[in-house]
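Reader: I would like to know what the terms rest on. Please take me through the pocket and the sheet.

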Amino acid sequence: MDISIMQPYLFPYIGYYQMIYCSDYFVIADDVQFIKKGWINRNRILLNGEPSMITLPLKRDSYFLNINERTFAIQSGSMGRITFLNKIVNSYRKAPEFTNIYPLIEKIMCFENENVAAYLHNSIKKICEYLDIRTKMIVESTLKLPPELNYQDSVIYVCKELKAKRYINSIGGMELYSKSKFKKNSIELKFIKTRETLEYRQFYNKFVPNLSIIDVMMFNPREQIKAMLTEYDLIDGRD
């Protein structure tokens, strides 16, 4: 049993979906503090050959609240849904898969629940359905974790609750976890790394990596993206 745990992000890059793909369970960490200037309400797309930020506005609130306690301002915000979709159109209307992908993005954007966790959960689920990723998803707050646990201990707690034998994390979190501590709890620790050879044709000769999954879908047929989901390596954790 392999599981991965990650905060919900806005149209995250393909490595996020590789992590979901290689897991039996994917746990959406909605009960952790919202990270300002992270990837929860923004990402990058290709605009005129360069990475450009796309952002969904948030309703004003305390930055100490958890992700599932924050709310988007998609309907009322000046940089809301219409602005977001217009930027997608301006960036990708000449992309080979635009006519297939834009309706999916538009449908996702029209989800009515503006709670950040619920909205992003729906977005991730819809992209997984399109890519035929059948990993089971669990919302972490439904597991009722003890509040006194630090992040590493909470991960171990979730692994035990789900009877997982292996935990897979994004390569960017390698410094956060102790291989020996996971081993003491009979859990193997691995980190997923997208292969640097994963490239595809964009508008321009210079390939821009690690953009939103929107970019991947706009330039690649579904079957090709499904093949890309396997282009990763699992790396051992550090002691």
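Author: Start with the lining of the largest pocket: by class it has 14 nonpolar, 10 polar and two charged residues. Ala, Val, Leu, Ile, Met, Phe, Trp, Tyr, Cys and Pro count as nonpolar, Asp, Glu, Lys and Arg as charged, and the others, Gly among them, as polar. The model is predicted: local features need pLDDT of at least 70, side-chain atom pairs 80 or more, while totals for chains, interfaces and linings use all residues. Numbering starts from 1 along each chain as its sequence is written, and side-chain values use heavy atoms, without hydrogens or water.

Reader: What makes a residue part of the lining of a pocket?

Author: A lining residue has an atom within 4 Å of a point of the pocket, an open set on a 1 Å grid over the protein atoms alone where a 1.4 Å probe fits, with protein on both sides within 12 Å along at least five of seven lines. Here 26 residues line the largest pocket; M6, Y9, Y13, W39 and S170 lie nearest its centre. α1 gives the most, with four residues.

Reader: Why are β5 and β8 called edges?

Author: Two strands pair if DSSP finds at least two bridges between them. The order is β5-β2-β1-β6-β7-β8 in an open sheet of six strands (E runs of at least two residues). β5 and β8 each have a single partner strand, so one side of each is left without a neighbour in the sheet.

Reader: How do you know that β7 pairs with β8?

Author: Five bridges join β7 to β8, and pairing asks for at least two. The two strands run antiparallel.
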